[in-house]
Amino acid sequence: MGKIILTGDRPTGKLHLGHYVGSLKRRVELQNSGEYDKIFIMIADAQALTDNADNPEKIRQNIIEVALDYLSCGLDPQKSTLFIQSMVPELTELAFYYMNLVTVSRLQRNPTVKSEIQMRNFEASIPVGFFTYPISQASDITAFRATTVPAGEDQMPMVEQTREIVHKFNSVYGETLTMPDILLPENQVCMRLPGTDGKAKMSKSLGNCIYLSDEPEEMRKKVMSMYTDPNHIRVQDPGCIEGNTVFTYLDAFSKPEHFAEFWPEYANLDEVKEHYQRGGLGDVKVKKFLYKVLEAELAPIRARRKEFEKDIPAVYEILKKGCAVARAEAASTLEDVRAAMKINYFDDAALIAEQAKRYAKG
Ligand code: TRP
């Protein structure tokens, strides 16, 4: 068995820097490493509908945004299968069978779902579909026999739930499903990039995102108004690095060569931090540097996006082809699952013959 990747994103908006450092950038590296036999990247529209049931237009409009973000970051349809979740109905059937293997109380313990329920004020009336999306996610992962799920830390409970389902399924019905592992970002700061306002997470609903597709001027404004150290009032005051978003972003994005190129007064990030902590280095200078660092990363992505934007039908064609490939893959797993669960009645000649014999006697 080879190494197989499955991962994806909900199409509820354009992708932002949190997605990029948390998963997207890594996917492209893994894709280009040549170490994986198959790579499936999914636009999780069905999952997005579990908490946007009243707004299908939003999901529909954002499928192309996510696809453009994927392609502009360097996901290559020659190497990775890009597809849309709902176009693979086999996933839904798998989820229905997996539901028998999971308890309500187990779902209630999922910390990511718990905090999402809180954020959406769903406490009093949780949609069943939303509550069970970790099971659907187990279908996504297992349908492609994924060994590896590159994702951010918030996806850990989903992969854990998937592993439990795989274990349970295989022990009840026989060895059928592949046990997946999550692949977390290597860099600690990339685990969960804070929003520009310093809040724990970059999130569209909090309005604290820098999008991959932001124009330079938009991004510059966001960087210049970023949360820093509220007590660092005068330039000469000592500043604090911990919880200072600008430095968190520099930890995530700055590379050694950026200093020589954009800020030769400093040899590396440690020197900048030291000066800031000592006092005498103003926020504006650090922010201007961060802007240049981000622009160096995002300019090529933005440029590639503009190219793909010129031929939207071609992007849909890429997705359509990807869906066909994904569907064949999921159908083959579903066939194994049905056989393991003994729900392949018409294909089971032995069953029919045995019953025929029994009734012939009577
Ligand atoms: N839950 C993921 C998100 O919030 C999207 C997703 C759906 C996913 N199915 C998946 C991620 C399977 C990894 C593997 O963006």
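**The ligand and its surroundings**

In this predicted model, a side-chain N or O atom of Gln 155 comes to 3.0 Å from a nitrogen atom of the ligand. Taken alone, the ligand would expose 370 Å², and the protein buries 92% of that area.

Two elements, strand E1 (4-9) and helix H8 (133-143), each give two or more residues to the shell around the ligand, and of the elements E1 gives the most, with four residues. In total the ligand is surrounded by 13 residues, of which Met 42, Gln 47, Gln 137, Asp 140 and Gln 155 are the closest. Sorted by class, this shell is made up of five nonpolar, five polar and three charged residues.

Attention can now turn to Tyr 211, which is found in the loop that runs between strand E5 (181-183) and helix H10 (216-224). Tyr 211 has a relative accessible area of 16% and therefore counts as buried, since the cut-off for that term is under 20%. Although Tyr 211 and Gly 18 are 193 residues apart in sequence, their C-alpha atoms are 8.8 Å apart in space.

How values were computed:
Residues numbered from 1 in each chain as written. Predicted model: local features only at pLDDT ≥ 70, side-chain atom pairs only at ≥ 80, totals over all residues. Heavy atoms only, no water. Near = heavy atom within 4 Å. Polar contact = N/O pair within 3.5 Å; in protein donor to acceptor, adjacent residues only side chain to side chain. Areas by Shrake-Rupley, 256 points an atom, 1.4 Å probe, with all protein chains shown as cover. Nonpolar A, V, L, I, M, F, W, Y, C, P; charged D, E, K, R; others polar. Buried < 20%, exposed > 50% of the residue type's maximum accessible area, 1.4 Å probe, protein only.
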